[in-house]
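Colleague: I'm new to this one. Could you walk me through it?

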Amino acid sequence: MQDNNKGTILDSSATFEGKMVGSNITVQGRFKGDLEASGVLRIVEGSDIEATIKASRVEISGKFNGEVHTDTLHLLESGVASGTFRAKKLSVTEGAKLNGDLEVGDSTGKS
C-alpha cells in the first residue's frame with residue numbers, strides 16, 4: 001500500500017517475498033527478500049523479516065534475520081535481530097536482543 005504522507009506500508013496481514021524499493025518503508029507483516037529504502041525503514045513489533053536491507057535509517061522492534069547496511073541502526077526494546085549489521089551509528093534499547101556480526105563506525109555504511 002502506498003500513502004504519500006506515510007511512505008510504503010506492508011500491512012500486518014500481508015506476506016511478501018521478493019524485492020521492495022521505496023521511501024520510508026514500514027513493515028508490519030512477513031517479508032522475505034531484499035528491502036531498499038530512501039529514508040527510514042521500520043520493522044515493527046509483530047513483524048517477521050528475513051532480508052537484505054539497505055536504508056538510510058533502520059528501526060527494528062520486530063523479528064529480523066539477515067543483513068543490514070545503514071547509516072543509523074536503532075534496535076528497540078521488543079526487537080530481536082540476528083545476522084550481519086553494518087552501521088555508522090548504533091543504538092540498542094534495554095531489552096532488545098542482538099546476535100551476529102556487527103561493524104559500527106565511519107568506515108561502514110551502505111556498500
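Colleague: Where is the place of N24?

Modeller: Quick note: this is a predicted model, where local features need pLDDT of at least 70, side-chain atom pairs count only at pLDDT 80 or more, and totals for chains, interfaces and linings use all residues. Residues are numbered from 1 along each chain as its sequence is written, and side-chain values use heavy atoms, leaving out hydrogens and water. Strands are DSSP runs of E, at least two residues, numbered from the N terminus. N24 isn't a glycine, yet has a positive phi of about 50°, and its place is in strand 3.

Colleague: Is N24 buried, partly exposed or exposed?

Modeller: Buried means under 20% relative accessible area, exposed over 50%, and partly exposed in between (1.4 Å probe, protein chains only). N24 has 28% relative accessibility, so N24 is partly exposed.

Colleague: Which residues does F64 touch, not counting residues up to four places away in sequence?

Modeller: Contact here means heavy atoms within 4.5 Å. With those sequence neighbours left out, F64 touches I43, I49, A51, I53, V80, A81, S82 and F85.

Methods
Helices (H or I, at least four residues) and strands (E, at least two) are DSSP runs, numbered from the N terminus.
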